[in-house]
Amino acid sequence: MRKRFDQQLEELNVELIKMGSLCERAIRRAVELLQNPEDTRVSDVDRIEEEVNHKEREIETLCMKLLLQQQPVAKDLREISSALKMISDMERIGDQAQDIADMARFMQVKEIAHKIHIGEMAEATIKMVTESINSFVKKDLKAAAAVVKYDDVVDDLFLKIKTELPAMMEKDSKNAEYYIDLIMIAKYFERIGDHAENIAQWVEYSITGSHQELRQE
Amino acid sequence: MTKRIFKSIFAVSLIVLATCTGVTLGILYHYFGNQLQKELKTEAAYLAIAVERDGIDALEALPAQAERVTYIDEDGTVLFDNVADSESMENHAQREEIEEAQKTGSGTAVRNSDTLSRKTLYYAMKLKDGTVLRVSSVQYNLPALLRGMIQPLLIMLVAVTALAAWIASRVSRHIVDPVNALDLEHPEENQIYDEIAPLLTKINRQQKSLKHEIAEAKRQQEEFSIITENMEEGFLVIDAHTEVLSYNSSALRLLGAEAQTGRRSVLTLNRSEGFQNLIERVLEGKHMVTNLEFQGRSCQVAANPVWKEKKVTGAVIVILDVTERMKGEQMRREFTANVSHELKTPLTSISGFAEIINDGFVKPEDTKKFAGRIFKEAQRLITLVNDVIKISQLDEGKFFCEKEDVDLYEAAREILKRLEERAAEKNIHLYLYGPHVKVNTVKVILEEVLYNLCDNGLKYNKQSGSLTVNISEVEGNAQIVVEDTGIGISEEDKMRIFERFYRVDKSHSKAIGGTGLGLSIVKHGSMFLGADVKVESTLGEGSRFILTIPE
């Protein structure tokens, strides 16, 4: 009985890893697209996003099945409930990666993107997502804590971009709409960072049983 | 076992107890019946004596609690009875025992009472005067007797049962304890029951074969892990649920994963898209060989499904690091392309000049000039081909040369002498410092290396620069430092200058001359000698080539 349950838990784990790597791929593609709008792989992001949604449903069903059939307690229960929360964060990451890709498609002034910190922010966000999935895969508390901390870097970058843009808009008013797109993209990155942070926190919760945030307060 | 022995002993004791009690009771009952009869007889005899002497008065004195005594006349009329009233009693002449007594002198009878719970024994005796004296006594039957004794009997039964249980448990424990205390690690050393001895022998034998098998299995496992651990290739075995069953450290290294505890999915080792696809496909039963990139290294991954009863039960994955091979292939391709290009350029010129002469477009006085051009290009071709031959020879390691003691200072001096003329063209000063260090090495190759280093230093030097060769001994090794004041080499180029045909400044290669193989010859030559070449350089100021030759 327990063996079967363990197997199902491992299956859940594998599905989560797959979903996590899909998210990584989605955001990486979106960033690639941002750096090189002529890239024809836009539809790729759409496909990945669809896959992410599909995976979310699958994992949700699996979690429900586990909860109902096995009635887990303690750590097992935490693992499953945090999986349920994690997938919604992952799904949001996928959505926002798609949004970024959608906007990048119409960004014809890629030189602007090079002038501000958006590239740096993209890298930082990718790093956060990758690290948060890593911390989940390795069940690594330290890595999870590092991700939570790294969110500050992404937030700072967002603030920087926010202060950079108005001055540039003034100088280059005919391209104003792209600047607005850029600030939205930056905001998306910032949100993705937050979701990655959430994932890391759920990893922490599933291991320790308490939330870092609550402990600090 | 204890339970079973206990039960058996307990049951046996209970059965024995019950049988004993039953048999004893039966025998006793019978015995007491006879005894009673005898007593009645004796009593009657005593009473007869008394009655014959004193008449009926002797009976009057009998207490009421005594045995029932009846005195009957010849005609059957009851004369006396110590229990009932004689007047009201019926005629007893017809009674069995009385009749018998009248006839034979004595008679007995047994009559069951109405309730059947007791019976009355009668003994009648005929006196001398013809009257009959009858004595009777009551005997309870067995059930009634038992009913009367039920309390002590029950108490006894409980006590005896408890005793039996206690003894049974003690005994069974006593029997089983040695069995429990058996030392199964050394079965044959136990000496308790002879009956167990064959079993112990068998256990012993099985234990030995088991030990042997375990040792064998362990040895095989170790062998296997030693083999896989020493493999350069990554090796993974997974089951149908993608769980890792076995892996070696090379696999972890190539996939960039850490060692893990317990059975985890292979995707925790690496979750890149290509790898996921590969795992998925191989578990569908397809043999896969693909090139994937793990951590910036190109790897060839071969995956084979494992079939069992027409179902995929897992997969074996082998990962090969092919970065070096890819690099080698890339370099070979580049080399071929470069050689063809380098060969083609002078050939085209030669062919062109020859064609012009052939067509008669050249004035006779100019022929010499053209011939000179052709000669120069041909020379360049020869140098190039020579260099290529040298490199391939060094590459193959086919240089068959004897080692001899070489004076580095003298060797360097000769080479600089050969280059003097070329140095003068650019007004470059040549310097040579250091002691006469002697090294046992292959002279031809050493000279080749040194020549190319100095030649290089001249080629890329600026006008009126200098070239310094410094010979010294460092930590027992001979060291030659060739320093120029040329254009210098940038950090990125440092890695590549030893490659064949690599030119830092491609646009000026023609003006500088040379084949682009010089430093490549230096590298291969020093490798052949077991020497080490290092470059230090500042862009725009000059470079230092440090050649260290082991003694």
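**Strands, helices and a contact**

Modeller: In β10(B), Val318(B) is the bridge partner of Phe235(B). Bear in mind that this is a predicted model.

Biologist: How do you know that β6(B) and strand β10 (residues 311–321) of chain B pair?

Modeller: Two strands pair if DSSP finds at least two bridges between them. Between β6(B) and β10(B) there are six bridges, in the antiparallel sense, so the two strands count as paired.

Biologist: What makes β6(B) and strand β7 (residues 244–247) of chain B a pair?

Modeller: Three bridges link β6(B) and β7(B), again in the antiparallel sense; the requirement is at least two, so this is a pair as well. Ile238(B) has Val244(B) of β7(B) as its bridge partner. Four residues lie between the strands of this hairpin, and Thr242(B) takes a positive phi near 65°.

Biologist: Which residues of strand β6 (residues 234–239) of chain B lie on its covered face, and which on its uncovered one?

Modeller: Gly234(B), Leu236(B) and Ile238(B) form the covered face, while Phe235(B), Val237(B) and Asp239(B) form the uncovered one. In a regular strand the side chains alternate between the two faces of the sheet.

Biologist: What does the UniProt record place at residues 220–256 of chain B?

Modeller: The record, an unreviewed entry, places the feature "domain: PAS" there. Over residues 220–256 of chain B the chain is 46% helix and 27% strand, with its end C-alpha atoms 28 Å apart.

Biologist: Why are β2 and β3 of chain B called edge strands?

Modeller: Five strands form an open sheet in the order β2-β1-β5-β4-β3 (chain B), with antiparallel pairing. β2 (78–81) and β3 (106–112) of chain B each pair on one side only. The twist averages 20° from one strand to the next. Seven bridges join β3(B) to strand β4 (residues 118–126) of chain B, including the one between Thr108(B) and Tyr123(B). Helix α3 (residues 96–104) of chain B packs on this sheet, and its direction makes about 170° with that of β3(B).

Biologist: How many residues does each chain bring to the contact between chain A and chain B?

Modeller: Chain A brings ten residues and chain B nine residues. Helix α1 (residues 2–35) gives the most on the chain A side, with nine residues.

Key
Residues are numbered from 1 along each chain as its sequence is written. Chains are lettered from A and ligands numbered from 1 in the order in which they are written. This is a predicted model: local features need pLDDT of at least 70, side-chain atom pairs count only at pLDDT 80 or more; totals for chains, interfaces and linings use all residues. Two residues are in contact if their C-beta atoms, placed from the backbone, lie within 7 Å. Axes are lines fitted to C-alpha atoms, for helices over the stretch in contact, and angles run from 0 to 180 degrees between N-to-C directions. UniProt positions are given in the numbering used here, feature names are shortened, and annotations may be inferred rather than shown by experiment. A residue is buried if 20 or more other C-beta atoms lie within 10 Å of its own, exposed if 12 or fewer, and partly exposed in between; C-beta atoms are placed from the backbone.
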